[in-house]
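Please look through the structure below with the packing of its helices in mind.

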Amino acid sequence: MNLPTLLTATDPRLASPDPEIRRIAILDVADEADEEHVPLLVAALADAAPAVRAAAAHGLLGFETQAAVQGLAALLDDGDAAVREAAAHSLNELKEPASAAWLLPLAADGLPRVRTAVLRALRELRVPEGAAPALRGLDHPDAALRREAVGVLGYLRHAPALAALAALAQGDPVDEVRRAAVGALAFATGDARAAAAAQAALGDAAWQVREEAATALGKLAWPPAAQALLPVLDDPYWQVRLRAARSLGRLRSVPAAPALADALAHPISNLRKEAALALGEIGDPRALAPLERAAQDADPEVRKSARLAIEQIRLQGREGDA
């Protein structure tokens, strides 16, 4: 028998020698979303069949009892990758900060994949206690672990980590870690160190890092960054140009208006849309003529954005005249 007799009495199928039947039974139990079934689902985490363990792990999503959290955490070092993934996914959906107390002891686990999954869950919980294990993870040889450690510190807006995050943003050998570090810096509004690191990342070899840097500079609200963002409107990747346009709008960079007006003719409609919205934020009346043309664009989202920008500029003009 794969589950305790007391629990299998809930559904005789859970005592079946066929793992597929047990898996379907667990799925049916999980569909009821009844907290009274949590002990049964936790017990199923120890089933001999990986498919049943994975189904039970998925079924525990949303339940934040100590037994559920600790049972899922124990599966993070399961021999089956699908089971580990299911457990990590359910842990990532934890919402109650109290759950962190049951996860934190695993943040120093010897297996990188366990620490990585725990840090990912702690990122969403945003508890201050998550900062210490995240800081320890910044120099770990496993890139996925470093990336999740960066995420925790960014979500916590952990100012003492700024120097370390800036160093990773410019020097980590892995693109995704650099990208995560640049994004994490965005919480430090007005901080010159963060802005300098994000500005340097505009020259990164990986376009995804440049894209994140362009976004971060807008969030950092660092006016001098507008000058550095202007050349980015010519980046080979339209995704980077789009983020630069958005940030130039947030920074209300009047010198960027002519280049943004040119972007209204770009073949990528998403970029045309962002350029229009940015021009509305900047409020330069010289942009009205190209925006009037954009208001006739073939793409309805571009037309809508252009009309909004025109109204925004005219409203700013009326307020200035008042």
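Arg178 touches Leu168, Ala169, Gln170, Asp172, Pro173, Asp204, Ala206 and Val209, when residues up to four places away in sequence are not counted and contact is taken as heavy atoms within 4.5 Å. This arginine is found in helix α12, where helices (H or I, at least four residues) are DSSP runs numbered from the N terminus. With a relative accessibility of 9%, Arg178 counts as buried, on a scale in which buried means under 20% relative accessible area, exposed over 50% and partly exposed in between (1.4 Å probe, protein chains only). The model is a predicted one, in which local features need pLDDT of at least 70 and side-chain atom pairs count only at pLDDT 80 or more, while totals for chains, interfaces and linings use all residues. Residues are numbered from 1 along each chain as its sequence is written, and side-chain values use heavy atoms, with hydrogens and water left out.

Helix α12 covers residues 175-184, and within this helix Val177, Arg178, Ala181, Val182 and Ala184 are buried. Seen down the axis of α12, these buried residues fall within an arc of 160°, so they line one face of the helix; the arc is that of the directions from the helix axis to the C-beta atoms. The cover over the buried residues of α12 includes α10 (143-156), α11 (162-171) and α14 (207-219).

Two packed helices are described by the angle between their axes and the distance between the axes. Here the axes are lines fitted to C-alpha atoms, for helices over the stretch in contact, and the angles run from 0 to 180 degrees between N-to-C directions. For α11 and α12, the axes come within 7 Å and cross at roughly 140°. That makes α11 oblique to α12, given that angles under 35 degrees count as roughly parallel, over 145 as roughly antiparallel, 65 to 115 as roughly perpendicular and the rest as oblique. The crossing of α11 and α12 is left-handed, a term that applies if the near helix is turned anticlockwise from the far one by less than a right angle. Leu165, Leu168, Ala169 and Gln170 of α11 make the contact with Arg178, Ala181, Val182 and Ala184 of α12. By class, the residues of this contact of α11 with α12 divide into 6 nonpolar, 1 polar and 1 charged, where Ala, Val, Leu, Ile, Met, Phe, Trp, Tyr, Cys and Pro count as nonpolar, Asp, Glu, Lys and Arg as charged, and the others, Gly among them, as polar.

How do α10 and α12 cross, and at what angle? Their axes come within 9 Å and cross at roughly 5°, which makes α10 roughly parallel to α12. In this contact, Ala143, Arg146, Arg147, Val150 and Gly154 of α10 meet Glu176, Val177, Ala180, Ala181 and Ala184 of α12. The residues of the contact of α10 with α12 divide into 6 nonpolar, 1 polar and 3 charged.

Helix α14, one of the elements that cover α12, also packs with α16 at an angle of about 5°, with the two axes 8 Å apart. The helices α14 and α16 are therefore roughly parallel to each other. From α14 the contact draws on Trp207, Arg210, Glu211, Ala214, Thr215, Leu217, Gly218 and Lys219, and from α16 on Gln239, Val240, Arg243, Ala244, Ser247 and Arg250. This contact of α14 with α16 has 5 nonpolar, 4 polar and 5 charged residues.

The loop between α16 (238-250) and α17 (257-263) holds Arg252, which is partly exposed, with a relative accessible area of 48%. Most residues other than glycine have a negative phi. Arg252, however, has a positive phi of about 50° although it is not a glycine. Arg126, in the loop between α8 (112-125) and α9 (131-137), likewise has a positive phi, of about 55°, and is not a glycine.

Elsewhere in the chain, Gly280 lies in helix α18 (residues 269-282) and, at 0% relative accessibility, counts as buried. Leaving aside neighbours within four places in sequence, Gly280 is in contact with Ala309, Gln312, Ile313 and Gln316.

In helix α5 (residues 66-74), the buried residues are Ala68, Val69, Gly71, Leu72 and Ala73, and what covers them includes α3 (38-44), α4 (50-59), α6 (81-92) and α7 (100-103).

Conventions. Helices (H or I, at least four residues) and strands (E, at least two) are DSSP runs, numbered from the N terminus.
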